[in-house]
Amino acid sequence: MEVLYGLHPVEEAIRAGGRQLDHVSVARERRDERLERLIELCRTAGVRVSLESRDQLTRLARTDAHQGVLAVVRERKFLGIEDLLAPKAEGQHRFFLALDGVEDPHNLGALLRTADGAGVDGVILPERRSAPVTATVAKTSAGASEHVRIARVTNLVRALEQMKQKHVWVLGLDERGTPDYTEYDFKSDCVLVLGREGAGLHDLVKKTCDHLLRIPMAGQVSSLNVSVAGAVVMYEAMRQRRQPAAPPAARKPLKERKGLGS
């Protein structure tokens, strides 16, 4: 069993329905409209609710950032790479996110929140050299981690090679890459690969990429925080994908010519 804490993570875990909840504990000291809505949601979903002291919730969550709400849930089951590669409807391209050694749970939570908002079809995480999907990650993601499809893989390079065999373009983000991310056409099946904090992509992962994209920097520092950089590119991809195909340009009717030479 695992512990989730915070209003948004617990609420989204109930709404997502992907994990069995044993029970939800709420602080008896807290009474407000948001908490009452959560309790009503638990009742509707058939989830048992218990009252605990705020101090008891702090001991269980191992933090005082629980907002007076805590849930005990079954351990999360991750997908395999084959699950993510299931084909979409005809005409719809798939867009994935792969993380190469992101170890800060706050960065991971922020990236999962953005992935959910940008409509990413799945996230690939390596089993080693990666932050686990903990309650801290769920809290930082505001509960989005409960909705995002996540695959855990033992070897990221092998997983990327599998994706290439399924005609998915592998796009790494690198400060020395080319072209700029705005110049790439994301209207195809592709996976964006982000590297670890401070060091970027591992050499073997970088060699596996079909293209290395860069974010142009106008200031003195050479790169953005990984969660910010990921958000920039994910939303550019979403912007391009949401643009309707431009209709063929209509020929303008010839104007009647007047005057000399008409």
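Biologist: Hi! What should I know about the model and the numbering before we start?

Modeller: It is a predicted model in which local features need pLDDT of at least 70 and side-chain atom pairs count only at pLDDT 80 or more, while totals for chains, interfaces and linings use all residues. Residues are numbered from 1 along each chain as its sequence is written, and side-chain values use heavy atoms, with hydrogens and water left out.

Biologist: Great. Which residues touch the most other members in the largest nonpolar core?

Modeller: Those are L97, V123, F186 and M234, out of 33 residues in that core. A nonpolar core here is a set of buried Ala, Val, Leu, Ile, Met, Phe, Trp, Tyr and Cys residues joined through side-chain atoms within 4.5 Å. Buried means under 20% relative accessible area, exposed over 50%, and partly exposed in between, with a 1.4 Å probe and protein chains only.

Biologist: And which elements give two or more residues to it?

Modeller: They are β5 (95-100), α5 (105-117), β6 (122-126), β8 (169-173), β9 (190-195) and α9 (226-242). The largest share, 6 residues, comes from α9. Helices (H or I, at least four residues) and strands (E, at least two) are DSSP runs, numbered from the N terminus.

Biologist: What does M234 touch, then?

Modeller: Leaving out residues up to four places away in sequence, M234 touches F95, L97, L111, T114, A115, A118, V120 and L192. Contact means heavy atoms within 4.5 Å.

Biologist: Last one: which residues are closest to the centre of the largest pocket?

Modeller: L173, E175, G200, S223 and L224, among the 21 residues that line the pocket. β9 and α9 each supply at least two residues of that lining. On a 1 Å grid over the protein atoms alone, a pocket is an open set of points where a 1.4 Å probe fits, with protein on both sides within 12 Å along at least five of seven lines, and lining residues have an atom within 4 Å of a point.
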